Amino acid sequence: NTELRLSKPIRFKDINIYPVLFKDYNAYNSYIDCLLYNPIYYNDDALSTLPLLYFITSVLNESDKFTTSEDEQFLFRKSLLLQLFGLLRLVLREQRFEFKKNNSGTYYLSVGAEGKNITINAKEFGEIRKIILTQNNTPYFDEYVHPDILRWIEEQKKRERSNGRQDIIETLEDHIEALMITFQNTDEHFLDNMSIRRVDRLVSKVINRELYNAQMIGSMSGMVKFKEDPVSWVTTKFAQSDFDKYLKELK
């Protein structure tokens, strides 16, 4: 909690795991799918049972295909590996890293930190994954959900988007401008060196404060009544997973 609160790196086996800065928001979003994908959904039984690190690095055993293969499944795994390289550069910063092959034919992560090489196996990589996702305010859901249900959820999300107002969008630029107005700061780059997590939380606080103030004004006017008192805008509301949001009636 201390490291998260202060936007400091989190230590893991003498390795510093850094929070991603807001200026790298777009890069982070283009890489993070490599930590959100669950191999259990992959249509190869031998690969789908592998831990995430071994699944992603399995393409290194097929290096002859890297420049010639047009197989969609191979290209998908290759894209995950490239995403992982990009992500590790963001969170490890000055610490060099590489994937090394062990005697069993699988790859582990080797990180150079404090003058030594630190070995990260698949289980430890799973712990680092959770640190990265938590550190950068990225919700994740690791429980298995049947593919048919996942498709149904995506259909509901698509339907909601199509039913919404098509002339209104909310972008990263909108969030930056909202915080510029809130803090009365005309420097377009004043958020750059904050962590993604900090900026996300600031945006949530701004939105929650506006909602809370509107609820309180309505309550005090006597024209609006709430079943429960409005929740203070300074509190944190945990992100709801798609599974909880769309299928809570099945629980």
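In the predicted model, the side chain of Arg-209 is placed over the face of Trp-233, at a distance of 5.6 Å from the ring centre.

Contacts between aromatic rings were examined next, and the count comes to nine aromatic pairs. One of these is formed by Phe-22 and Tyr-25, whose rings lie 5.7 Å apart, centre to centre, with 55 degrees between the planes, an arrangement that is classed as tilted. Both partners of this pair, Phe-22 and Tyr-25, are buried. A further pair is made by Phe-97 and Phe-99, in which the ring centres are 6.5 Å apart and the planes stand at 75 degrees, so that the pair is edge-to-face, given that planes over 60 degrees apart are assigned to this class. Phe-97 is buried, as is Phe-99. Ring pairs also join Tyr-37, Tyr-42, Phe-55 and Phe-76 into a cluster.

Turning to the backbone, a positive phi value, near 50 degrees, is found at Lys-13, a residue other than glycine. Lys-13 belongs to the loop that runs between strand 1 (10-12) and strand 2 (15-17), and with a relative accessible area of 39% Lys-13 is partly exposed. Asn-137, likewise a residue other than glycine, has a positive phi near 60 degrees and is located in the loop between helix 7 (122-135) and helix 8 (147-163). The relative accessible area of Asn-137 is 35%, and this residue is therefore partly exposed, since that term covers values between 20% and 50%.

Note on methods
Residues numbered from 1 in each chain as written. Predicted model: local features only at pLDDT ≥ 70, side-chain atom pairs only at ≥ 80, totals over all residues. Heavy atoms only, no water. Phe/Tyr/Trp six-rings, centres within 6.5 Å; stacked < 30°, edge-to-face > 60°. Buried < 20%, exposed > 50% of the residue type's maximum accessible area, 1.4 Å probe, protein only. Lys NZ or Arg CZ within 6 Å of the ring centre and 35° of its normal. Helix = DSSP H or I, 4+ residues; strand = E, 2+ residues; numbered from the N terminus.
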